[in-house]
Amino acid sequence: MQLFKKFKYMRQGSSRPWEFFRDLLLHELMFFLLFLLMYLFTLLGNLLIMATIWSEHSLHTPMYLFLCALSISEIFYTFAIIPRMLADLLSTLHSITFLACASQMFFSFTFGFTHSFLLTVMGYDRYVAICHPLRYNVLMSPRGCACLVAWSWVGGSFMGTVVTTAIFNLTFCGPNEIHHFFCHVPPLLKLACGENVLVVARGVGMVCITALLGCFLLILLSYAFIVAAILKIPSAEGRHKAFSTCASHLTVVIVHYGFASVIYLKPKGPKSLEGDTLMGITYTVLTPFLSPIIFSLRNKELKNAMKKAFLSKLYPEKI
């Protein structure tokens, strides 16, 4: 099997992704500062959520346990991609070793799909809380919640292993330039050769789409039952209170699957690599950036806990 020692993200003078972005803002430093600030905000936001849940005993419930696990998966997902992307924005040599490329693909897919599985588990948690409140403590016991989180991580690791093994067992030939900002499947398939490339491409695509659609359909099914149960609540205040517990999760689901559907379901054209890179940037940087904001602002209980745990120590007279 022919293997490259290094992949390159671009070649000097090529009109590919990084030049595409240069043409938009004319200077990579602006992108570096923007992405760095968004990345730091993502880390701090998720760490703040985790610290709040850890310090406030009132938040030691299944819903916030899953939120804490979701924050961990987001931190690891962004850490697998964004630091190297930031380094490449300041470097003139955009290269990555073969092993590092495989590792980046494995961890990005592992934590990305773990995120999707955890969102599905959170949808199930809301379904049980609203549709079967009397059985909630039984169905969502500490042992049951730990198993759901563990299986989400196992499922994510399985997806990362399957995708990475399938791609890196291909034979790579020709130019070793990856026309993307990280080691993603479509640009690597462009570098592969052999009779089995098309089969692997279709197989990987089918596995990823099936997993994402399966999670999304389970979430839709959960919310179909949730909406039906909420509509049966006689008082408007009761309906609003029940739906408010789902609002932040539902918003994150829409953002997450909205961008993911564009990336995985968009028809591939001859000039789709630049568009894929732009959507990949949006999905990798913007989605994790928005998630802590959504959960912090749309979840009243978490927002009040943050004020109690942190702002009260800084400005006690204002709380």
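Biologist: What describes two packed helices?

Modeller: Two packed helices are described by the angle between their axes and by the distance between those axes. In this predicted model, helix α4 (residues 98–131) packs with helix α8 (residues 197–231) at an angle of about 15°, and their axes are 9 Å apart.

Biologist: Are α4 and α8 roughly parallel or roughly antiparallel to each other?

Modeller: Angles under 35 degrees count as roughly parallel, and α4 and α8 are therefore roughly parallel to each other. Their crossing is left-handed.

Biologist: Which residues meet where α4 and α8 are in contact?

Modeller: Among those from α4 are Phe 109, Phe 113, Phe 117 and Tyr 124, while the residues in α8 include Leu 212, Leu 218, Phe 225 and Ile 226. Sorted by class, this contact of α4 with α8 has 18 nonpolar, 4 polar and 1 charged residues.

Biologist: At what angle do α6 and α8 pack?

Modeller: Helix α6 (residues 142–168) and α8 pack at about 165°, with their axes 10 Å apart. Angles over 145 degrees count as roughly antiparallel, and α6 and α8 are therefore roughly antiparallel to each other. The crossing of α6 past α8 is left-handed. On the α6 side, the contact is made by Met 159, Val 163, Ala 166 and Ile 167; on the α8 side, by Val 200, Val 204, Val 207, Cys 208 and Ala 211. By class, the contact of α6 with α8 holds 9 nonpolar, no polar and no charged residues.

Biologist: Is the crossing of α3 and α6 left-handed or right-handed?

Modeller: α3 passes α6 in a right-handed crossing. The two axes come within 10 Å and cross at roughly 20°, and α3 and α6 are therefore roughly parallel to each other. Residues of α3 such as Leu 65, Phe 66 and Phe 76 are among those that meet α6, where the partners include Leu 148 and Trp 153. This contact of α3 with α6 has 10 nonpolar, 1 polar and no charged residues.

Biologist: Which helices each supply at least two residues to the lining of the second largest pocket?

Modeller: They are α3 (62–90), α9 (236–265), α10 (272–298) and α11 (300–314). About 310 Å³ of space lies in this second largest pocket. Its lining includes Tyr 64, Arg 126, Lys 241, Arg 298 and Glu 301. By class, the lining of the second largest pocket has 3 nonpolar, 3 polar and 6 charged residues.

How values were computed
Residues numbered from 1 in each chain as written. Predicted model: local features only at pLDDT ≥ 70, side-chain atom pairs only at ≥ 80, totals over all residues. Heavy atoms only, no water. Axes fitted to C-alpha atoms, helices over the stretch in contact; angles between N-to-C directions. Helix = DSSP H or I, 4+ residues; strand = E, 2+ residues; numbered from the N terminus. Parallel < 35°, antiparallel > 145°, perpendicular 65-115°, else oblique. Left-handed = near helix turned anticlockwise from the far one by under 90°. Contact = heavy atoms within 4.5 Å. Nonpolar A, V, L, I, M, F, W, Y, C, P; charged D, E, K, R; others polar. 1 Å grid on protein atoms, 1.4 Å probe; cavity = no way out; pocket = protein on both sides within 12 Å on 5 of 7 lines; lining within 4 Å. Points joined across faces, edges and corners; volume = space filled by probe spheres on them.
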